[in-house]
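Dear colleague,

I am passing on the structure we spoke about, and my notes on it follow below. Please read them with the coordinates open beside you.

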Amino acid sequence: MTRYLILALTLTAVLCGAPLAFSQGDMLVIKPEAFTSPRRPPAVFPHDAHNEKAKIDDCAACHHGGENGVRDPKATSEGVPCADCHPVVAAPGRTPLMRAYHQQCIGCHLEKKAGPAACGQCHVDAAAPAAK
């Protein structure tokens with residue numbers, strides 16, 4: 001009887017925790033599929049932990065929206081891949097994908113005087129053991 005109770009409790013814990021495994025909070029890296037031959041590892045980015053530490057509540061702070069290259073502060077682009085508006089190779093006068101990421105992330109870090117601003121601080125091999 002005790003074995004069945006333990007099994008039932010374990011199964012319940014797993015099933016209750018499963019939806020959390022697929023949340024935005026589990027996003028740990030920014031890996032745009034648009035970059036077919038990246039020169040660096042994807043940027044390490046624990047989404048929810050970052051926003052908590054930076055006290056960012058407004059999704060539009062990072063997920064800006066707009067049309068025809070004009071930002072709309074009331075619009076957000078949550079759920080839309082950045083590459084949908086920012087191609088890897090952009091037309092003249094438009095922002096290419098890599099520059100969009102770098103302006104958005106590094107630009108904010110420099111403005112707030114907080115967070116990494118050098119390539120190797122974000123682009124680290126997450127699979128490699130940490131240096132001591």
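Helices here are DSSP runs of H or I with at least four residues, numbered from the N terminus; in that numbering, His109 belongs to helix 3, which covers residues 97-112. Please bear in mind that this is a predicted model.

On confidence, the mean pLDDT of the protein is 82, with 77% of its residues at 70 or more. Among the elements, helix 3 has the highest mean pLDDT, at 95, whereas helix 1 (residues 2-17) has the lowest, at 53. Over residues 14-25 the pLDDT falls below 50, and this stretch makes five contacts in the model beyond near neighbours in sequence.

Helix 3 itself consists of 16 residues and spans 22 Å from its first C-alpha to its last, close to the 22 Å expected at 1.5 Å a residue. Its buried residues are Leu97, Ala100, Tyr101, Gln104 and His109, and the elements that cover them include strand 1 (29-30), helix 2 (47-54), strand 3 (64-67) and strand 4 (70-76). After the helix comes Lys113, which has a positive phi, near 55 degrees.

His109 deserves a separate look. The residue counts as buried because its relative accessibility is 14%, which is under the 20% cut-off. Apart from neighbours within four places in sequence, His109 is in contact with His50, Ala114, Gly115 and Pro116. With Pro116, a polar atom of the His109 side chain lies 2.4 Å from the backbone oxygen.

Best regards

Methods. Residues numbered from 1 in each chain as written. Predicted model: local features only at pLDDT ≥ 70, side-chain atom pairs only at ≥ 80, totals over all residues. Heavy atoms only, no water. Helix = DSSP H or I, 4+ residues; strand = E, 2+ residues; numbered from the N terminus. Buried < 20%, exposed > 50% of the residue type's maximum accessible area, 1.4 Å probe, protein only. Polar contact = N/O pair within 3.5 Å; in protein donor to acceptor, adjacent residues only side chain to side chain. Contact = heavy atoms within 4.5 Å. Expected span 1.5 Å × (residues − 1). pLDDT = per-residue confidence, 0-100.
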